[in-house]
Amino acid sequence: MSMIAAFYGGKSILITGATGFLGKVLMEKLFRTSPDLKVIYILVRPKAGQTLQQRVFQILNSKLFEKVKEVCPNVHEKIRAIYADLSQNDFGISKEDMQELLSCTNVIFHCAATVRFDDTLRHAVQLNVTATRQLLLMASQMPKLEAFIHISTAYSNCNLKHIDEVIYPCPVEPKKIIDSLEWLDDAIIEEIAPKLIRDWPNIYTYTKALGEMVVQQESRNLNIAIIRPSIVGATWQEPFPGWVDNVNGPNGLIIAAGKGFLRALKATPKAVADLIPVDTVVNLMLAVGWYTAVHRPKSTLVYHSTSGNLNPCNWHKMGVQVLATFEKIPFERAFRRPYANFTSNNFTSQYWNAVSHRAPAIIYDCYLRLTGRKPRMTKLMNQILRTASMLEYFINRSWEWSTYNTEMLMSELSPEDQRVFNFDVRQLNWLEYIENYVLGVKKYLLKEDMAGIPEAKQHLKRLRNIHYLFNTALFLIVWRLLIARSQMARNVWFFIVSFCYKFLSYFRASSTLKV
Ligand SMILES: CCCCCCCCCCCCCCCCCCCCCC(=O)SCCNC(=O)CCNC(=O)[C@H](O)C(C)(C)COP(=O)(O)OP(=O)(O)OC[C@H]1O[C@@H](n2cnc3c(N)ncnc32)[C@H](O)[C@@H]1OP(=O)(O)O
Ligand SMILES: NC(=O)C1=CN([C@@H]2O[C@H](COP(=O)(O)OP(=O)(O)OC[C@H]3O[C@@H](n4cnc5c(N)ncnc54)[C@H](OP(=O)(O)O)[C@@H]3O)[C@@H](O)[C@H]2O)C=CC1
């Protein structure tokens, strides 16, 4: 019997960010392994015209939850969506709901955050810092609370090269920032933001670091743990391989590469690609929840959920495998044949952007215009290049994350728990994982049918022929222009033509002799 699964039995669990990528996988695993849990409270806001109930219905009826419905047929009754908007100071939770949360919650998983790199400082602080403080305040009023698990990111201290499982102080106190945001106007905030974030690459990582400090400062006598995942990728094993549901992180770039839009990336090929499967992160979260509640460590422990120091893979290996998978399982209606050129050189990167990205987009837009259609490729290309440039910081550096706490926890688990809640990334086979990942992007993000693969392969063959034709035509045009202007080019040209002519004459003569 799994001790971790048994621990969650009969428990009331509060999850923030349950409608997000990590949150959904967390709920799925909880229901599947502890179907006798009492209730999962999720803090949700209405979104995109959907009510809370519609959002929950959509999640529970997705493919991700197919297995859950077999193990826990009354899953609908065990999930309680509570209206909450974390960008409001009191979350906007009703009095009755708040009362229920305060009196019943046993474990909290705080996943909600804004993960946009370019969010405004005000919004990012509100969500990643102030909301965390507010939730901790709520937690301190929960008599039955056994553990509070805060999800941060391995990149919260990416201004350092070696990162230990400790909370590092930020130059400016979070409280000072929260207070000043109350009276400063938006224009001033955006002006001071770059000075505040200093050597952090973006507002997201900076506010996640502030969030950790808030956890440390407001922990009171709560049992708290922090988990820091690196780049969270598709599921490795559970509930099935390759599940993904948004275009964040590598997902958008895999789409852009598979569709042939993105063919070069400013990336250091040897830098560590610190991806971690989402189910591995979730298994660690559940194990940490159990350990924190049962063993009650004296201080707040930080756990790194990273792959780099246990089972490293680099961007070159990843790119090669992604390309190999595109060969086997191509995406439909590609713009160009997929190709992956990683360069860390600024000049080469600019060159590839001009030749491989912007020029084809402009040519295609001209074609659309000529055929009476609305041009759209340049806009799309700009969007993709903007996203790629936002991620550049993370694909041109390597970090070392120590994983003592994570390894200690692994050794504390029973063999059964190590199997059911496996977070040992050493067992991950990257080639297999990446193939399933790309397949998952095709199936679950692009919603492409596997039956379309032969047609997609045909399409790629056509694109290859167009590519050869285009290159030959381009070569001839450039050559013709050169001949017109340079005597040397003319001489070379006549030499080649006469050589070819002589070769053909010889070939014809020798074949006539044979007959
Ligand atoms: C050479 C080829 C290579 C081939 C081989 C390939 C091998 C694989 C290589 C993989 C290398 C991976 C490196 C990963 C490094 C991750 C590091 C993470 C580190 C920290 C991790 C964390 O701790 S935490 C999570 C990370 N947090 C994000 O990862 C959010 C980022 N992101 C944004 O911060 C905003 O996205 C940003 C960008 C501002 C734009 O902002 P923006 O305003 O311009 O655009 P929007 O985001 O509003 O998007 C407008 C609409 O475009 C849609 N769309 C957007 N991108 C799209 C896309 N690429 N493909 C299709 N569709 C896309 C979107 O879905 C919207 O569609 P709709 O309007 O219909 O909803
Ligand atoms: N994905 C990754 O690569 C990594 C993620 N992390 C961390 O993991 C956690 C989860 O990330 P992930 O699942 O990928 O992110 P998602 O963007 O998929 O999910 C974010 C969640 O937060 C919720 N949320 C955002 N704003 C509000 C709000 N105002 N009120 C209520 N809920 C809100 C979202 O709700 P809604 O659906 O309504 O928008 C959603 O459920 C985050 O803390 C992130 O920092 C750490 C490292 C890497």
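This is a predicted model: local features need pLDDT of at least 70, side-chain atom pairs count only at pLDDT 80 or more; totals for chains, interfaces and linings use all residues.
1. Now the ligand. Ligand 1 has 32 residues around it, and those that come nearest are Arg 116, Phe 117, Thr 153, Tyr 204 and Gly 249. Two of these names come back in the next point.

2. Polar contacts, if you want pairs to look at. The side chain of Tyr 204 puts an N or O atom 2.7 Å from an oxygen atom of ligand 1. Gly 249 works through its backbone instead: a polar atom there is 2.8 Å from an oxygen atom of ligand 1. For Gly 252, a polar backbone atom lies 3.4 Å from a nitrogen atom of ligand 1.

3. How much of the ligand is covered? On its own, ligand 1 exposes 1,500 Å², and the protein buries 76% of that area.

4. Which elements build the shell? Those giving two or more residues to the shell around ligand 1 are helix H10 (250-258), strand S9 (264-266), helix H12 (315-328), strand S12 (341-343) and helix H14 (377-395). H14 supplies the largest share, with seven residues.

5. Sorted by type, the residues around ligand 1 come out as 21 nonpolar, seven polar and four charged.

How values were computed. Residues are numbered from 1 along each chain as its sequence is written. Chains are lettered from A and ligands numbered from 1 in the order in which they are written. Side-chain values use heavy atoms; hydrogens and water are left out. A residue is near a molecule or strand if one of its heavy atoms lies within 4 Å of it. A polar contact is a pair of N or O atoms within 3.5 Å; within protein, one must be able to donate a hydrogen and the other to accept it, and residues adjacent in sequence count only if both atoms are side-chain atoms. Accessible areas come from the Shrake-Rupley method with a 1.4 Å probe; for residues, only the protein chains shown count as cover. Helices (H or I, at least four residues) and strands (E, at least two) are DSSP runs, numbered from the N terminus. Ala, Val, Leu, Ile, Met, Phe, Trp, Tyr, Cys and Pro count as nonpolar, Asp, Glu, Lys and Arg as charged, and the others, Gly among them, as polar.
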